[in-house]
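Subject: A structure for you to look at

Hi,

Here is the structure I promised to pass on. Please open it first, and then read my notes below with the coordinates at hand.

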Amino acid sequence: MRFIVILAALALAACAAQKPAASPSPSPRPVRDPYANGRAIFMTGRDLAGHRITASRPPLYGSCVQCHRANGSGGMHLPGGAVSADLRHDALTKEQDRPYTLALLERAISRGVDNDGDKLSPVMPRWQMSQADLRDVAAYVHDKLR
């Protein structure tokens, strides 16, 4: 009997000494950086997840930088006499009778309508992307190109 009591005590002690298995910690979610995503779209025509940004009609070039330059200064002569717009902050906000807001810039990028409500040249692609990608690229252009 004494043997059974000792065996039971040892079994209880062994169970108490064991730590419960730790549940695996969830893998950290990548921090979403809207400006980095907007920059990627502007420079490469792909978002940070690698998705290609498309347009309603095939664009002349696959990314914004190819017409508007890395600093957004534009001025590139395109087919049909079009000249790519200066997208730097001052040109969009201070040199306009009606400054571009983020919403107006999103409209220009996705629907080809300028800040005054006029249609942009058909050379300007009507980019198709998720709402988050559109917001990110517009914010990058509006806030980061100086």
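A search of the whole structure turns up 1 aromatic pair. The partners are Phe 42 and Tyr 140, with 5.8 Å centre to centre and 50° between the planes, which is a tilted arrangement. For the cut-offs: rings of Phe, Tyr and Trp (its six-membered ring) pair if their centres lie within 6.5 Å, and planes under 30 degrees apart count as stacked, over 60 as edge-to-face and the rest as tilted. The pair links distant parts of the chain, since Phe 42 belongs to helix 2 (residues 34-44) and Tyr 140 to helix 6 (residues 131-144), 98 residues apart. Helices (H or I, at least four residues) and strands (E, at least two) are DSSP runs, numbered from the N terminus.

Before going further, a word on provenance: this is a predicted model, in which local features need pLDDT of at least 70 and side-chain atom pairs count only at pLDDT 80 or more, while totals for chains, interfaces and linings use all residues. Residues are numbered from 1 along each chain as its sequence is written, and side-chain values use heavy atoms, with hydrogens and water left out.

On the helix 2 side the meeting residues include Pro 34, Tyr 35, Ile 41 and Phe 42, and on the helix 6 side they include Asp 133, Val 137, Tyr 140 and Lys 144. Contact means heavy atoms within 4.5 Å. Lys 144 also lies over the face of Tyr 35, at 4.5 Å from the ring centre (a charge sits over a ring if NZ of Lys or CZ of Arg is within 6 Å of the ring centre and within 35 degrees of the ring normal).

Now the overall picture. The protein has 6 helices and 2 strands, in the order α-α-β-α-α-α-β-α from the N terminus on. Of its 146 residues, 34% are buried. Among contacts between residues at least 6 apart in sequence, 45% join residues at least 24 apart.

Helix 5 (residues 102-111) has Leu 104, Leu 105, Glu 106, Arg 107, Ala 108 and Ile 109 as its buried residues. Their cover includes helix 4 (89-93), strand 2 (127-128) and helix 6. After helix 5 comes Gly 112, with a positive phi near 70°.

Asp 114 sits in the loop between helix 5 and strand 2 and is buried, at 14% relative accessibility. Leaving aside neighbours within four places in sequence, Asp 114 is in contact with Tyr 100, Arg 107 and Leu 120.

- Arg 69 is partly exposed, at 38% relative accessibility.
- Ser 84 is in this loop as well and is buried, at 7% relative accessibility. Beyond its neighbours within four places in sequence, Ser 84 has contacts including Cys 67, His 68 and Met 76.
- Arg 88 is also found here, partly exposed with a relative accessible area of 29%. Not counting residues up to four places away in sequence, Arg 88 touches Asn 71, Gly 72, Ser 73, Leu 145 and Arg 146.

Finally, Leu 48 has its place in the loop between helix 2 and strand 1 (54-55), and is exposed, with a relative accessible area of 56%. Leaving aside neighbours within four places in sequence, Leu 48 is in contact with Asp 33, Ala 36, Asn 37 and Ala 40.

Best wishes

Methods:
Buried means under 20% relative accessible area, exposed over 50%, partly exposed in between (1.4 Å probe, protein chains only).
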